[in-house]
Structure formats: C-alpha cells, structure tokens
Amino acid sequence: MTTKTVAGHDIEVNDEGFFVDPEAWTEDMAPALAAEEGIDALTDQHWTVIRFMRSEYAEKGTGPTVRVLGKTSGVSVKELYQLFPKGPAKIAARIAGIPKPRGCI
Amino acid sequence: MSDNAIEKVSIIISKGSLEGIYPGLIMANGARAEGIEANLFFTFFGLDAIHRKRHEHIKAATVGNPGMHMATMLGGLPGMSAIATHMMEKQMTELDIPSIPEFIEFIADTGAGIYACQLAMDMFKLSKDDLVEQVEDVITVGEFYEKAAGGQIIFT
C-alpha cells in the first residue's frame with residue numbers, strides 16, 4: 001500500500017494502483033488518474049464507463065467485467081477497447097477509484 | 001506492476017470438445033481483460049470452434065473422459081454426450097459464460113487475433129468460407145511462430 005497525490009488529494013492505493021477506499025475518490029481526480037494510464041483526454045464515452053463502474057460498484061460491491069460492461073454500459077466491446085486499450089474493466093476501475101473487478105468472464 | 005509481467009500470449013486450441021475448447025477461449029479473453037495481447041490459433045478438431053456449421057453443436061466428451069465419473073460403457077450409450085452437454089451448457093449459462101459462437105465474436109471484438117491452421121484446413125478439406133467471419137487468416141505453423149514471437153505459447 002502506498003500514498004500518492006492525485007489532483008491535490010492524498011490517497012491510498014494498493015500494489016496494483018487501485019484505490020483502497022473508493023469513498024476517497026472524487027470526479028476531479030479522474031483526469032489525472034487517466035493520464036497515468038496514458039489517456040490524455042477523457043471523452044463523454046470515457047465518462048459513461050467511469051460512472052457506470054462507480055454505480056455498479058456502489059450497487060453490487062464489485063466492479064463489472066468487460067463482458068458485463070459490453071452488455072449493459074451502452075458502450076460496445078470494440079469501443080471499450082478503443083477507449084481503454086490496456087483492458088477496459090481494469091483501467092476504468094483504476095480511474096474510477098474502485099477495486100479491480102474479479103471474474104474470469 | 002512487476003517487470004516480468006506477461007505481455008503477450010498465443011493460445012493453440014487443438015481439440016473439438018466442449019471441455020477442449022472453452023479453456024483456451026477463457027484464457028484468451030482473460031488475457032485481453034488484463035490488457036495482454038492475445039492470439040488464438042485453431043488446429044485439428046479445434047477448427048470446429050470456428051466452423052460456421054459446427055460451432056453451435058460442440059459436445060462434451062463422455063467416452064474416455066474419467067472426469068465425467070461415469071462408466072465408459074454408459075458414456076457410449078446413444079444420447080449420453082447430448083445429455084452431458086446440455087447439463088454443462090445449463091450450468092455455464094447460469095454463470096453467464098457465453099456460447100462458443102458468441103464467445104468467439106466477443107474475443108474478436110476485444111482485439112485478439114483469430115487464426116486457423118493451414119494444414120488442418122487442407123486435411124479436412126475446408127476453405128476460409130467454411131469458417132466464421134472473425135477468422136483473420138489461415139496460416140502455416142511458421143507464420144504462427146512469427147505471430148507468437150516475443151510472447152508465451154499455450155497449447156490446449
């Protein structure tokens with residue numbers, strides 16, 4: 001576990017860079033977190049996915065996998081990989097300040 | 001992230017049974033979810049997974065499969081494979097595991113490369129038209145190694 005500064009806030013992240021406390025996340029941190037993942041500008045579609053990650057986590061206690069994202073977020077699987085080339089569920093979870101989604105499918 | 005993280009995998013699917021095909025698909029899909037580059041190479045009976053007319057009719061093997069926990073003679077009775085397949089598919093649907101045709105389409109959408117083995121195609125007298133549209137190319141074993149360069153190879 002390490003502490004890092006994101007958009008002026010001190011936050012704790014685990015070894016893989018996921019927020020330890022999702023409640024510590026605020027929307028103004030997203031652009032800086034995205035930049036760390038190599039995403040320079042967050043589009044409306046990025047935000048659709050980020051907000052979907054947050055609401056799924058709030059509702060179910062775990063973030064959605066790529067399959068769930070593709071089926072229910074309104075963004076297709078192809079588009080998800082264009083938005084987050086290094087793994088949509090994983091990268092969007094990091095930017096959305098929630099734990100890494102678990103699930104093999 | 002660790003410095004020796006896996007960055008690329010090429011997975012060979014050589015069997016044509018339900019239990020022979022799914023593990024490779026799940027591993028390819030899981031790789032892409034992690035942002036790992038993935039290729040799928042279908043050879044021998046594994047070609048059935050990308051065969052337009054056969055990919056919806058993949059069966060679980062009930063003969064010569066001790067994991068089924070049934071006597072081999074029973075497994076050979078007519079309809080046993082269909083029953084076992086039905087039971088497994090029902091279980092998989094409950095876990096939201098996609099059917100093979102849907103899974104192949106999904107994996108292609110994640111950006112994984114899907115290839116068929118030239119020699120197996122020749123053996124079974126198949127042409128690219130017999131295969132699903134997600135298949136990028138029919139390639140030789142040498143071309144497979146070129147595509148797999150710099151990554152891990154998994155044979156299933």
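Visitor: Which residues is B:Ser17 in contact with, leaving aside its neighbours within four places in sequence?

Guide: B:Ser17 is in contact with B:Ile58, B:Lys59 and B:Ala61, where contact means heavy atoms within 4.5 Å. This is a predicted model, in which local features need pLDDT of at least 70, side-chain atom pairs count only at pLDDT 80 or more, and totals for chains, interfaces and linings use all residues. Residues are numbered from 1 along each chain as its sequence is written, chains are lettered from A and ligands numbered from 1 in the order written, and side-chain values use heavy atoms, with hydrogens and water left out.

Visitor: Why is B:Ser17 called buried?

Guide: Buried means under 20% relative accessible area, exposed over 50%, and partly exposed in between (1.4 Å probe, protein chains only). B:Ser17 has 14%, so the residue is buried.

Visitor: What makes B:Glu102 and A:Arg67 a salt bridge?

Guide: The term asks for a side-chain nitrogen of Lys or Arg within 4 Å of a carboxyl oxygen of Asp or Glu. Here N to O is 3.0 Å, so the pair qualifies. B:Glu102 lies in helix α4 of chain B and A:Arg67 in helix α3 of chain A, so the pair joins two chains.

Visitor: How do you know whether these two partners are buried or exposed?

Guide: A:Arg67 is at 6% and therefore buried, whereas B:Glu102, at 37%, is partly exposed.

Visitor: And why is B:Lys90 called exposed?

Guide: Its relative accessibility is 53%, so B:Lys90 passes the mark for exposed.

Key
Helices (H or I, at least four residues) and strands (E, at least two) are DSSP runs, numbered from the N terminus.
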